[in-house]
Amino acid sequence: MNSLEQAKDLKAFERRLTEYVSCLQPATGRWRMILLVVSVCTATGAWNWLIDPEQKEQRRRIEEQQRTLIALFFAGIHKRVVAPSIIAARCRTVLAEYNMSCDDTGKLILKPRPNIQ
């Protein structure tokens with residue numbers, strides 16, 4: 001392969017990687033918001049339950065919030081929240097063999113070749 005073909009291949013790979021990572025961003029943002037809302041609701045409910053003696057009888061609502069939070073983690077929300085980072089880390093691992101890396105947006109970083117003497 002000549003250098004022109006290699007450059008085209010690298011650009012095509014970089015374009016596809018950035019496209020894939022950018023497509024994950026909206027879904028990741030939604031999952032982060034869902035996790036944040038459920039976590040805040042659970043923490044607020046638990047705090048109110050601890051502070052207010054009258055709410056000790058309303059334990060069912062807090063347990064339901066906790067079950068929702070646990071169900072989200074069993075459904076893999078923690079992986080969906082960090083999906084672009086996982087993809088970028090795996091690409092970095094593979095690209096390291098070729099003296100390359102990538103940033104979190106999928107842009108390739110070419111490293112200088114090591115001098116073998």
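Mentor: Let us start with Cys91, which is found in helix α4. The model is a predicted one, in which local features need pLDDT of at least 70, side-chain atom pairs count only at pLDDT 80 or more, and totals for chains, interfaces and linings use all residues. Residues are numbered from 1 along each chain as its sequence is written, and side-chain values use heavy atoms, with hydrogens and water left out.

Trainee: Why is Cys91 called buried?

Mentor: Buried means a relative accessible area under 20%, exposed means over 50%, and partly exposed lies in between, with a 1.4 Å probe and protein chains only. The relative accessible area of Cys91 is 16%, so Cys91 is buried.

Trainee: Which residues does Cys91 touch, not counting those up to four places away in sequence?

Mentor: They are Leu17 and Cys102, where contact means heavy atoms within 4.5 Å. The C-alpha atom of Cys91 is also separated by 8.7 Å from that of Gly106, 15 residues apart along the chain.

Trainee: Is Pro84 buried or exposed, and how do you know?

Mentor: Pro84, also found in helix α4, has 6% relative accessibility and therefore counts as buried. Beyond its neighbours within four places in sequence, Pro84 is in contact with Val21, Leu24, Gln25 and Thr28. Pro84 and Thr28 are 56 residues apart in sequence, with 7.9 Å from C-alpha to C-alpha.

Trainee: Why does Ala43 receive the label partly exposed?

Mentor: Ala43 has 47% relative accessibility and so counts as partly exposed. Ala43 lies in helix α1, residues 3–51, and its C-alpha atom is 34 Å from that of Arg90, 47 residues apart along the chain.

Trainee: What does UniProt place at residues 31–51?

Mentor: The unreviewed UniProt entry places a "transmembrane region" there; UniProt positions are given in the numbering used here, feature names are shortened, and annotations may be inferred rather than shown by experiment. In the model, residues 31–51 are 100% helix and 0% strand, and the end C-alpha atoms are 30 Å apart.

Trainee: Why is Asn115 classed as exposed?

Mentor: Asn115 has 70% relative accessibility, so it counts as exposed. Asn115 is found in the segment after β2 (108–110), and its C-alpha atom is separated by 52 Å from that of Val37, 78 residues apart along the chain.

Trainee: What pattern does the protein chain follow along the sequence?

Mentor: The pattern is α-α-α-α-β-β, that is, 4 helices and 2 strands.

Trainee: How do you know that the protein chain is more spread out than a compact globule?

Mentor: The radius of gyration is taken over C-alpha atoms, and the globule rule is 2.2 Å times the number of residues to the power 0.38. For 117 residues the rule gives 13 Å, whereas the radius of gyration of the protein chain is 23 Å, well over that value, so the chain is more spread out than a compact globule. Along its principal axes the C-alpha trace spans about 75 × 30 × 20 Å.
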